[in-house]
Amino acid sequence: MVVDFRLVAKFLAPALLLFGLVAFIPGIYAYINHTDGVLAFSTTGVIALIVTTICHLLGKTALTNYASLRVLFLFTTSLWVICAVIASIPFYFLLPDFSFSKSLFEACSGLSTTGSTVISYIEQKPQALLLWRAILQYIGGVGFVAMAVVILPVSAMGGMNIFKTESQSFDDSAKFTPHLKTMVISLFIWYIAVLVFCSFFYALCGLDLFTAITTAMTTVSTGGMTNTDASMNLMPHSVHYTAMVFMFISSCPFLLILASISGNPSLFFKDQQVKGFLLLIVFVSLAVATSLILTNGYDLEKALRVSFFNVISVISTTGYALEDFTLWNPFASMMFLFILALGGCSGSTSGGIKFFRIQICYSMFKVELKKLIHPHIVSEPRFKGKIIDPKTLSSVITYLVSYIILAMISSTIASSLGLDLGDAVTASISCLSNIGPALGTTLNPSTNFSQVSDPLCILFAIDMIFGRLEILPVLLCFTRMFYRR
């Protein structure tokens, strides 16, 4: 058998068990506070446990001494799809006007840390449901994959490959710990620590405990969902500054941060990917701030605050809204369109193309320009001072081509389903890059996806899953060659 489906089922069982147990948390919260949601979340948890039992029975006889890449890719894709379907159940039961398509959209948006929503008047919804959205975003970040890898009895190579389906990393930071389990446990501890610190600072800024914790969950996961329709617009300025710090931290390589903390702190600031990422944020933010001062008459503090906040929010793929930047001025809109699909660093919770791919492409571009002028020169693309091997270059190009093709297909389908060109293209890119807001006329930072039709909800939900799992592993699972020798 080319793909051992029993082994896939065996890997799914413990991960789904954990997910099912987490589903009871909002139900317990609703029971303690005497609010709606007890039955919906109890049902969700029970269904997850039933699916867990089925997977356990199917995979009981599977051997775990070797897990091929095909098994790991199919496991990862299956886990996200099954969890998305299960996670949609509370939305379907607690929101009477919700179809299954809208429920699935909301669940996929949470798990993929996209942050787009089809819910209006969010603050009027049951708190248990708001907690569920925050939990989905939190476990949809690196913590979700970390939990899945920790409980799987696979070799270091197999475990590392499953981590690569979350974020292909062309760096050495992943080697700072000797064993995979140690690395993942360290990641998990860091993820929890960042959540605690972010919640603490939000509480210091004046947010109540529930809002502080749920907002922190969506900040450190670079998810972007909030408990109000206004997103960050009604928050104190101190919350904006706190969010900027933690959005930036969460869009940097977690393993590099851990290596810097445990060893040499300068490693973080010397890293080529982080330096380039930070420089781009500063450059774009200052350019946008300047346009706000000169064109819109903003004072210096407000211009810097809203420009840095929105640039970090978009490029980290968090997607929080602070004013509608598409209404500022044409230059600002163009700058945001430029950074829309870039994403954060590899090895973080950010979505998007990932910044290291942009740097590799830039290195290739420079080399090709040199060769046009000096045809006989010996020059190779480099990253972090090392020559990039052809296999890595090929994988980067393959990813970018697949991203462009998928974005074009999604945009075409969205247009045929009734969206205008601007909404179709930017919404497709936003969902594929797990950002949240689009830059169109009806879908933009000041609106949500509540008016989107059911077919579009399914389309964008698919985009979110493809984008979160880096496209190629999911595509492979739907090809015949994947199941052939």
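Trainee: What makes Glu106 count as buried?

Mentor: Its relative accessible area is 0%. Buried means under 20% relative accessible area, exposed over 50%, and partly exposed in between, with a 1.4 Å probe and protein chains only. Glu106 at 0% therefore counts as buried. Keep in mind that this is a predicted model, where local features need pLDDT of at least 70, side-chain atom pairs count only at pLDDT 80 or more, and totals for chains, interfaces and linings use all residues. Residues are numbered from 1 along each chain as its sequence is written, and side-chain values use heavy atoms, leaving out hydrogens and water.

Trainee: Why is the contact of Glu106 and Arg133 called a salt bridge?

Mentor: A salt bridge is a side-chain nitrogen of Lys or Arg within 4 Å of a carboxyl oxygen of Asp or Glu. For Glu106 and Arg133 the N to O value is 3.2 Å, so the pair qualifies. Glu106 lies in helix H5 (residues 100–111) and Arg133 in helix H6 (residues 127–140), so the pair ties together parts that are 27 residues apart in sequence. Helices here are DSSP runs (H or I, at least four residues), numbered from the N terminus.

Trainee: Is Arg133 buried or exposed?

Mentor: Arg133 is buried, at 3% relative accessibility.

Trainee: How many salt bridges does a search of the whole structure find?

Mentor: Seven. One of them joins Arg357 and Glu470, at 2.6 Å from N to O. Arg357 lies in helix H17 (residues 355–373) and Glu470 in the loop between helix H20 (454–468) and helix H21 (472–477), so the pair ties together parts that are 113 residues apart in sequence. Both Arg357 and Glu470 are buried. Salt bridges with shared partners link Lys354, Arg357 and Glu470 into one network.

Trainee: What makes Leu294 count as exposed?

Mentor: Leu294, found in helix H14, has 69% relative accessibility, and the cut-off is over 50%, so Leu294 is exposed.

Trainee: Which helix gives the most to the nonpolar patch?

Mentor: That is H14, with five residues. Leu294 is one of the patch residues, which together have about 580 Å² of accessible area. Patches take residues with over 30% relative accessible area and no salt bridge, joining like charges within 9 Å and nonpolar side chains (Val, Leu, Ile, Met, Phe, Trp, Tyr) within 5 Å.

Definitions and conventions
Helices (H or I, at least four residues) and strands (E, at least two) are DSSP runs, numbered from the N terminus. Accessible areas come from the Shrake-Rupley method with a 1.4 Å probe; for residues, only the protein chains shown count as cover.
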